[in-house]
Amino acid sequence: MGMTDVLIVGAGPTGLVLACDLARRGAAVRVVDRSPAPPRTSRAKGPNPRSLEILDDLGVAEEVLAAGSAPLSMLKYRDRRPVAEADPWADSAPSPDARYGRGWLIAQWRLEGILRDRLAGYGVRVEPGREVVGLAQGRNEDESRGESRSGSDGYYGGHGAYGGHVDVTYADGPAGRARYVVGCDGAHSSVRKLLGIPFEGTTAEDQVMVCGDVDLADGVLDRTRWHQWFDEDGAVMLCPIPGTPTGWWFQAGPERDGRGRPLAPTADGFRRLLAHHTALPGRALTRAELLSTYRVNVRMADRFRAGRVLLAGDAAHVHAIAGGLGMNTGIQDAFNLGWKLGLVLAGHADAELLDTYEEERLPVAARTLDLTSERLRATLEAIRRPGGGLDAAITPDTTGLGVGYRWSSLAAGDRAQEAGEPGPRAGDRAPDAPCADATTGERTRLHRVFAGPGTTVLGFGPGSAAVLRETANAYGGDAGVRVCRVYAAHEDRAGAEPGAVVDDAGHVAAAYGTEASGDPAAGTVVIVRPDHHVGVLAPADDARSVREYLRRLHGTGRSAERSPGMVDAAR
């Protein structure tokens, strides 16, 4: 049977982002989904600023922006009359260190279509109607089937599994084999269940919402607003779906039976809710589809990795809808995992690198559960008062830009930083900043320098030249490490290497806290991981920290013999 590098189970935003990231690294990827056709789901209302940066790195942000719309002002009603308007994004604007000041509205099925097209550009197509029903982690190529085990805690260690592969059984069709499997298959994940990983938490049976995509008669409601009716006996929310002439996202408190139990959503039920809460007649709702019931589910897998199988997105954690962090947390899981799998598959990094995925993302998921539950509580409290609405769920925390991994074993070599000193710490998101190409003078920005699958070594100050030269010699060519000298505006840049940039307006120095000192030999070196997080911040003369960190991710570079891992990955 043919071996694939990574089998991704589930073709939602998490699985598709991971597939695009791995495919551009040259990994052999398969994506399977149990749905017979791409589902037209519309739960998620779009990427937050951090997810937009990730989509930009993957080369699809412009398309996403074109297909969606800016977030809308919220018009809130009580007893059918407008009582307040709020634009939680009014003060959000791009800044030098963050190109996207606010998230973007786009239907989830539209975003998935854009990602599937990008994936097809790498020659990978989602395989629909493929349901995974068995996973067995084998120890080596000729191991007898009777010996391979799956789901037993004893043999999934922190340091990889015994196995060199996972055998995958489908509900129908031939079995498959992969070096790694990633379950991106949602809250009811088959992969998680097959591994026997608990999904602890709570489902609030009383916190219920009915949802669907509806059409409203043309012109009955202003499409430049997100309309929210909150009454003592329920609520209706209608948000226009970008790129459609008459489509709206419909969310409401459910109708209930005589005993107060929620009723399943129906088109007629939506019409009754519309007529009851709004000044619109029920017949204004001309079509309703993708009807679903949403219950507040707050659950998390107790581990994100079992040997060669990993979990990402809703398969690993689900949380309250408030703040719109579900899809975004999944996209960010995928971006954390993709480069690590890529480096391990290429034989550059040890399989232990995969342990840092759970080390970094599990605490983020736990914090997101707390944050969204708190935002939900604040929102439920706000809507009791006339004028309260969903804007209560939006805080600076929901941009995703503040998420970092200072606790991580990959946040090494932090320079001693006084409290309040400017610049990121090891583990933080690496800020963006406008700058200019040192040789051509063309405008660019740091996130463009970081874009693509590589690790970037930034050098500030003349003292950084030696370590940049050593790094370029060790990893030059296609090893996935690039160096970039950042020149201050006043520095002489004669002999600047291609790829160097000029911090002509001082934005890079401001973002990284590297304002020049009086010492001409001084400088700073910053290693930026492929997912735009700072790995090392070190004085320019600390070549050892740089060397050790790069060795951990990328091996020893050109001087090394081809490692056995490389042979394994190429077999």
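This is a predicted model: local features need pLDDT of at least 70, side-chain atom pairs count only at pLDDT 80 or more; totals for chains, interfaces and linings use all residues.

Student: Ok! Where is D79 found?
Tutor: D79 sits in the loop between β3 (73-78) and β4 (81-86). D79 has a positive phi of about 55°, although it is not a glycine.

Student: Is D79 buried or exposed?
Tutor: D79 is exposed, with a relative accessible area of 53%. Buried means under 20% relative accessible area, exposed over 50%, and partly exposed in between (1.4 Å probe, protein chains only).

Student: And what about the phi of L290?
Tutor: L290 isn't a glycine, and its phi is positive, about 55°. L290 lies in strand β12 (residues 285-301), and L290 is partly exposed at a relative accessible area of 34%.

Student: Switching to α1: how many of its residues are buried?
Tutor: Twelve of its twelve residues are buried, so α1 is mostly covered. Among them are P13, L16, D21 and R24.

Student: What do the buried residues of α1 pack against?
Tutor: They pack against β1 (3-9), β2 (29-32), α2 (49-57), α4 (108-120), β7 (176-183) and α7 (326-345). Contact here means heavy atoms within 4.5 Å.

Student: What span should helix α1 have?
Tutor: At 1.5 Å a residue, the twelve residues of α1 (residues 13-24) should span 16 Å, and the end C-alpha atoms are 17 Å apart, which agrees. The expected span is 1.5 Å times one less than the number of residues.

Student: At what angle do α1 and α4 pack?
Tutor: About 20°, with their axes 9 Å apart. Axes are lines fitted to C-alpha atoms, for helices over the stretch in contact, and angles run from 0 to 180 degrees between N-to-C directions. The two helices are therefore roughly parallel to each other, a label for angles under 35 degrees.

Student: Which residues meet there?
Tutor: P13, L16, V17, A19, C20 and A23 in α1 meet Q108, E112, L115, R116, R118 and L119 in α4.

Student: Last one: what follows α1?
Tutor: G26 does, and the phi of G26 is positive, near 85°.

Technical notes
Residues are numbered from 1 along each chain as its sequence is written. Side-chain values use heavy atoms; hydrogens and water are left out. Helices (H or I, at least four residues) and strands (E, at least two) are DSSP runs, numbered from the N terminus. Angles under 35 degrees count as roughly parallel, over 145 as roughly antiparallel, 65 to 115 as roughly perpendicular and the rest as oblique.
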